[in-house]
Amino acid sequence: MSLTVKDKSVVKAFWGKISGKADVVGAEAFGRMLTAYPQTKTYFSHWADLSPGSGPVKNHGGIIMGAIGKAVGLMDDLVGGMSALSERHAFNLRVDPGNFKILSHNILVTLAIHFPSEFTPEVHIAVDKFLAALSAALADKYR
Amino acid sequence: MVEWTDAEKSTISAVWGKVDINEVGPLALGRVLIVYPWTQRYFGSFGDVSTPAAIMGNPKVAAHGKIVCGALDKAVKNMGNILATYKSLSETHANKLFVDPDNFRVLADVLTIVIAAKFGASFTPEIQATWQKFMKVVVAAMGSRYYIGILEYQQAPEICLANAAFSH
């Protein structure tokens with residue numbers, strides 16, 4: 001399900017609106033994922049505190065959302081743009097790529113909470129497609 | 001058998017108590033039809049679903065959204081036995097409506113997003129976790145009659161269950 005010209009412009013416009021709160025959204029989405037999908041905690045067993053408001057959780061959520069924000073500018077070649085991160089997830093972190101869908105869902109939930117009027121069905125479909133394409137690019141180097 | 005703590009039961013009742021089925025149902029079903037357009041295959045008789053505006057303004061979509069969302073009420077009132085509660089609905093969707101059971105998960109996720117938008121920050125991560133557990137059980141119950149043929153189950157349940165275990 002490739003990104004159309006319209007998808008890309010909807011995603012860019014929406015990201016422009018949320019960029020000021022990107023850190024907060026990332027932190028919250030990541031915290032929600034760890035809380036609502038406890039199996040995802042297995043990748044972070046080296047952190048003492050996995051509660052939604054903890055320092056490492058907020059920090060890491062911000063890092064993830066920053067990378068996603070960069071990917072908004074790389075939508076014309078996501079596989080190329082995500083290549084290094086894909087290798088990292090594949091060979092260092094070895095995160096099962098099924099988890100990308102889980103994080104994507106929690107990002108959508110967080111966006112709906114913080115931007116209820118901007119996160120229309122039309123924005124929802126474009127962002128959902130973008131996150132799916134991004135997830136595929138992130139899984140590209142796995143095998 | 002799914003176990004619910006008292007806290008989980010009261011969380012689900014509290015969330016459901018604040019949901020207006022007449023508002024949330026149409027919003028959720030409409031959003032599913034827009035975000036996952038292939039789901040429109042089940043609604044050929046509903047008229048114009050050609051654009052997001054047409055979908056959100058379609059009275060048949062709205063009416064059906066209320067029905068679908070309203071069926072969740074049975075689960076909230078029977079949390080101790082959701083599997084049995086949805087047995088005949090699952091059979092209907094499997095054998096008469098021919099709905100791909102993956103759609104139940106899709107609807108559950110979109111419903112969660114619509115409820116999150118309505119509730120805002122009061123839909124905390126902990127409340128989300130409990131709500132999603134509830135959705136997972138409902139989705140599993142709705143899919144439960146897909147994997148066992150009705151006639152086979154009536155004739156030889158033990159053989160049927162054993163076959164089902166092997167086929168996964």
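User: What should I know about the model before we start?

Analyst: This is a predicted model, in which local features need pLDDT of at least 70, side-chain atom pairs count only at pLDDT 80 or more, and totals for chains, interfaces and linings use all residues. Residues are numbered from 1 along each chain as its sequence is written, chains are lettered from A and ligands numbered from 1 in the order in which they are written, and side-chain values use heavy atoms, with hydrogens and water left out.

User: What makes Lys129(A) and Asp7(A) a salt bridge?

Analyst: A salt bridge needs a side-chain nitrogen of Lys or Arg within 4 Å of a carboxyl oxygen of Asp or Glu. The N to O distance between Lys129(A) and Asp7(A) is 2.6 Å, so the pair meets that rule. Lys129(A) lies in helix 7 of chain A and Asp7(A) in helix 1 (residues 5-18) of chain A, so the pair ties together parts that are 122 residues apart in sequence. Helices here are DSSP runs (H or I, at least four residues), numbered from the N terminus, and strands are E runs of at least two.

User: What makes up the contact between chain B and chain A?

Analyst: Contact means heavy atoms within 4.5 Å, and 24 residues from chain B and 21 residues from chain A take part. About 1,800 Å² is buried between the two chains, 65% of it on carbon and sulfur atoms. Buried area is the accessible area (1.4 Å probe) that two parts lose on being put together, summed over both.

User: Why is one space called a cavity and another a pocket?

Analyst: On a 1 Å grid over the protein atoms alone, a cavity is a set of points where a 1.4 Å probe fits but cannot get out, whereas a pocket is an open set with protein on both sides within 12 Å along at least five of seven lines; lining residues have an atom within 4 Å of a point. Points are joined across faces, edges and corners, and a volume is the space filled by probe spheres set on the points. The structure holds one cavity of 30 Å³ or more, and about 30 Å³ of space lies in the largest cavity. Its lining includes Gly26(A), Phe30(A) and Leu103(A), and helix 3 of chain A gives the most, with four residues.

User: Which residues lie nearest the centre of the largest pocket?

Analyst: They are Lys101(A), His105(A), Tyr36(B), Arg105(B) and Asp109(B), among 41 lining residues. The volume of the largest pocket is about 1,100 Å³, and helix 8 of chain B gives the most to its lining, with nine residues. The second largest pocket has a volume of about 900 Å³. Of the 34 residues that line the second largest pocket, those closest to its centre include His60(A), Leu85(A) and His89(A).

User: How do you know which lining residues of the second largest pocket are nonpolar, polar or charged?

Analyst: Ala, Val, Leu, Ile, Met, Phe, Trp, Tyr, Cys and Pro count as nonpolar, Asp, Glu, Lys and Arg as charged, and the others, Gly among them, as polar. The lining of the second largest pocket divides into 22 nonpolar, ten polar and two charged residues.
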